Amino acid sequence: MKKTFLLLVLVLTFIFSCNNEKKKVVKDEVSKPNVLFIAVDDLNNWISPIDGFSNAKTPNFDRLAAMGVTFTNAHVQAPLCGPSRASILSGLRPSTTGIYGMTPDNKIRRPGNQATKDITFLPEYFENNGYHTMGVGKLFHIHAPDSVFIESGGRVKGFGPYPEKRFVWDGFGKGIKGTHGRTSTDWGAFPEHDTLMPDHQSVNWTIERLQREYDKPFFLGLGFLRVHVPLYVPQKWFDLHPLESIETPPYLADDLNDIPPVGLQINDLPMMPSTEWAKESGEWKKIVQAYLACMSYVDYELGRVLDAFENSKYADNTIIVLWSDHGYRLGEKGTFAKHALWETATKAPLMFVGPNVPKGKKIEAPVEMLSIYPTLLELSGLPAYSRNEGNSLVAMMQNDEGLETARAITTFGMNNHAIKADGYRYIRYEDGNEEFYDHSSDPNEWYNEANNPKFKHKIELLQKLLPTLNSKWDEKSNYTFQPYFVEQKERVNGEDIRPVKVIGADR
């Protein structure tokens, strides 16, 4: 009888300890911080907490900035949606993967690409570490590869809604059909209500997810379509920016006279409005107004997300990161586009909020969007991923470490790179031609000082930071919007890719 009693005690003790262990594991899982991952398409640094250009009205970006750290000098790895997002979400540089152009989401990771064939995408890394992952909107180039998210809200195709006819720009400009792509660029007040915007529906989906109960931490991705062209939002957002109050960016008519031939080829975008056309037609201020209106609209939708977040049970244990895939030129260097290795195309907002992130802090040192992946892992207390080519920004945010040695590299096509460091921009093209700008005296990058003996030593130091690996174009990656990239891929890969359909607007 005594033995039976002792055995019963041992069994009950074992069961109790197992239950406690299960509770402890669940508690530890739930105590991990959640992640709210917000991407904004084509957003430059005009928002009020950074440049505040032309009295930009973005109070919810200000609100987010007050909650955490804003990097005012963050740069993308490619000034183009597809390769930029593939880099951020894989943790690899374009020069490593050969993904220099647009690549179908399901082809970024495939057996034919040695760099990406077994890569773990950012949301997957969180799922592998006990997270429930969800995503809606434009996160990768389209939405996301199959099965990357446990729950997917999808993405509305294109960048609508669209009026019956374009308002101003036909999408072809002076481009040659079949050679140049067709741009979605156009501007005007449309549609009538915010509820008709795809981003509004994505935010509704996000808010509903923030109101749910979870038995594990979550990773929730939200990708905004605006401020990508066409610059269409309801009239009330235009009304916030009266035309008479609009400023236009700095512009120098002969700015491109000292640009090397490859730089001019990359910047040859006849399907886009030129700055000279915009000046002569009286449309420049209207384009800027439309861009600011789209920013204010995205700001409103961001506010809806922040309201839901702050009213949720997750407000005290969630990391937020907000980023954009590249900047956008609004007349600088002669056109209205991204597509360049200059400052206004490579620089974009980057913000972090979280339990261990300082509040209201701004960091002016140059950093890379490639740092998003390792930074989120460190902030979440997860093991570092050895394949990441970026560096975590946690020590910089918390202790100002690494400010003096900070730099950022942007790549556009094979072996065309820009480096931002120490207040300078250095660009080296595939043929060895260079550009160099001293931002202390030339913030607009109007004067190429690459041949100035005064900067010889500085240029030599920056040359040492150039990527040593420059992979050929990935077979599934193409950019047929502009002839230079078609020619470069044919030349460096030694294959004819002309049958690839020219990229263009969906209408």
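**Strand pairing, helix packing and nonpolar cores**

I38 stands opposite L322 in β9. The model is predicted: local features require pLDDT of at least 70 and side-chain atom pairs pLDDT 80 or more, while totals for chains, interfaces and linings use all residues. Residues are numbered from 1 along each chain as its sequence is written, and side-chain values use heavy atoms, without hydrogens and water.

Strands β1 and β9 run parallel and are joined by 7 bridges. Strands (E, at least two residues) and helices (H or I, at least four) are DSSP runs, numbered from the N terminus. On its other pairing, β9 (residues 318–324) runs antiparallel to β10 (residues 350–353), with 4 bridges between them. In β10, L350 is opposite W323, and V353 is the bridge partner of I320.

These strands belong to an open sheet of 8 strands with mixed pairing, in the order β5-β4-β7-β1-β9-β10-β2-β11; two strands pair if DSSP finds at least two bridges between them. Because β5 (151–154) and β11 (361–363) each have a single partner strand, one side of each is left without a neighbour in the sheet.

Strand β9 is mostly covered, with 7 of its 7 residues buried (under 20% relative accessible area; exposed is over 50%, partly exposed in between; 1.4 Å probe, protein chains only). In a regular strand the side chains alternate between the two faces of the sheet. In β9, T318, I320, L322 and S324 point one way, whereas I319, V321 and W323 point the other way.

The largest nonpolar core has 87 residues, of which M295 and I320 touch the most other members. The largest share of this core, 16 residues, is contributed by helix α10 (residues 284–310). A nonpolar core is a set of buried Ala, Val, Leu, Ile, Met, Phe, Trp, Tyr and Cys residues joined through side-chain atoms within 4.5 Å. With neighbours within four places in sequence left aside, the contacts of I320 are L36, I38, L64, M67, L306, F309, M351, F352 and V353.

A search of the whole structure finds 0 disulfides (a pair of cysteine sulfur atoms within 2.5 Å). For C81, the nearest cysteine sulfur is that of C294, 14 Å away. C81 counts as buried at 2% relative accessibility, and C294 counts as buried at 0%.

Another open sheet consists of 4 strands in the order β13-β14-β15-β16, with antiparallel pairing. Its edge strands, β13 (407–411) and β16 (434–438), each pair on one side only. Neighbouring strands in this sheet are turned by 10 degrees against each other on average, direction ignored. Strand β15 (residues 424–428) pairs with β16 over 5 bridges in the antiparallel sense, and R428 stands opposite E434 in β16. Helix α14 (residues 456–463) lies across β14 (417–421), β15 and β16, at about 65 degrees to β15.

Definitions and conventions. Contact means heavy atoms within 4.5 Å. Axes are lines fitted to C-alpha atoms, for helices over the stretch in contact, and angles run from 0 to 180 degrees between N-to-C directions.
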